[in-house]
Amino acid sequence: MEEYRITIAGQSKYEIELCAVQCGRDYSVTICGGGRHHVGAAALGCDESGTVGHKMRGATVSVLCVFGHRDDEAARWAAKYLATELKCNVSVAVGIHIDHADGSEIQCLLENCREACRQLKDRVWAVSYTHLTLPTSD
């Protein structure tokens, strides 16, 4: 199993840590941050780009959220983005917490989550590219 670890805004209150494990051709992703890591929401993104009748659709997403938590927005976005970009199924668990966070702090954390997901996509693509064998001329 391939494992990826990404940290955004390390050592700050806006730090986001992402850990992804490749499960066959799919991925299981955990995103935590802020002052108290936990599991506040889980989302499953299912790639549908190759499904007949769904060529323009990237992924569908199902989300579960702990009552009173707002981690579902980050989980939904990450699952849809990663399933669409990586063309596979992706489970995402998210737990981010800052005491008494205001709107700008929440937006900063969400952007850091998005950046972590973009970096994951880039790393997965880079690994996939290096595993391709190029034809040789005889």
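Modeller: Before we start, a word on terms: buried means under 20% relative accessible area, exposed means over 50%, and partly exposed is in between, with a 1.4 Å probe and protein chains only. This is a predicted model, so local features need pLDDT of at least 70 and side-chain atom pairs count only at pLDDT 80 or more, while totals for chains, interfaces and linings use all residues. Residues are numbered from 1 along each chain as its sequence is written, and side-chain values use heavy atoms, leaving out hydrogens and water.

Colleague: OK. How many helices and strands are in the protein?

Modeller: Two helices and six strands. Helices (H or I, at least four residues) and strands (E, at least two) are DSSP runs, numbered from the N terminus. Along the sequence the pattern reads β-β-β-β-β-α-β-α.

Colleague: And what share of the residues is buried?

Modeller: 36% of the 138 residues in the protein.

Colleague: Let's do strands. Which strand pairs with β4 over seven bridges?

Modeller: Strand β5, residues 59-65, pairs with β4, residues 41-47, in the antiparallel sense. Two strands pair if DSSP finds at least two bridges between them. In that pairing, C65 of β5 is the bridge partner of A41.

Colleague: How many bridges join β4 and β6?

Modeller: Five, again with β4 and β6 (residues 90-97) running in the antiparallel sense. One place to look is G45, which has V90 of β6 opposite.

Colleague: Switching to charges. How many salt bridges are there?

Modeller: Seven, where a salt bridge is a side-chain nitrogen of Lys or Arg within 4 Å of a carboxyl oxygen of Asp or Glu. One of them joins R25 and D26, with N to O at 3.9 Å.

Colleague: Which residues form salt bridges with E111?

Modeller: R114 is one, with the closest N and O atoms 3.1 Å apart. R118 is another, at 2.4 Å from N to O. R114 and E111 are three residues apart in helix α2 (residues 103-130), so about one helical turn separates them. As for accessibility, E111 is partly exposed at 33%, and R118 is partly exposed at 26%. Salt bridges with shared partners link E111, R114, E115 and R118 into one network.

Colleague: Staying with α2, is N112 buried or exposed?

Modeller: N112, found in helix α2, has a relative accessible area of 11%, so it is buried. Apart from residues up to four places away in sequence, N112 touches I8, A9, Y14 and I16.

Colleague: And A116, what does that one touch?

Modeller: I6, I8, I16 and L18, again not counting residues up to four places away in sequence. A116 also lies in helix α2 and is buried, with a relative accessible area of 0%.

Colleague: K121 is a lysine in α2. Buried or exposed?

Modeller: K121 counts as buried, because its relative accessibility is 13%. Beyond neighbours within four places in sequence, K121 is in contact with Y81, E85 and L86.

Colleague: Last topic, pockets. How much space lies in the largest one?

Modeller: About 360 Å³. A pocket, on a 1 Å grid over the protein atoms alone, is an open set of points where a 1.4 Å probe fits, with protein on both sides within 12 Å along at least five of seven lines; lining residues have an atom within 4 Å of a point. Grid points are joined across faces, edges and corners, and the volume is the space filled by probe spheres set on the points.

Colleague: Which residues lie nearest its centre?

Modeller: R70, D71, I96, H97 and I106, out of 15 lining residues. The elements giving two or more residues to the lining are α1 (72-86), β6 and α2.

Colleague: What classes make up the lining?

Modeller: Eight nonpolar, three polar and four charged residues. Here Ala, Val, Leu, Ile, Met, Phe, Trp, Tyr, Cys and Pro count as nonpolar, Asp, Glu, Lys and Arg as charged, and the others, Gly among them, as polar.

Conventions:
Contact = heavy atoms within 4.5 Å.
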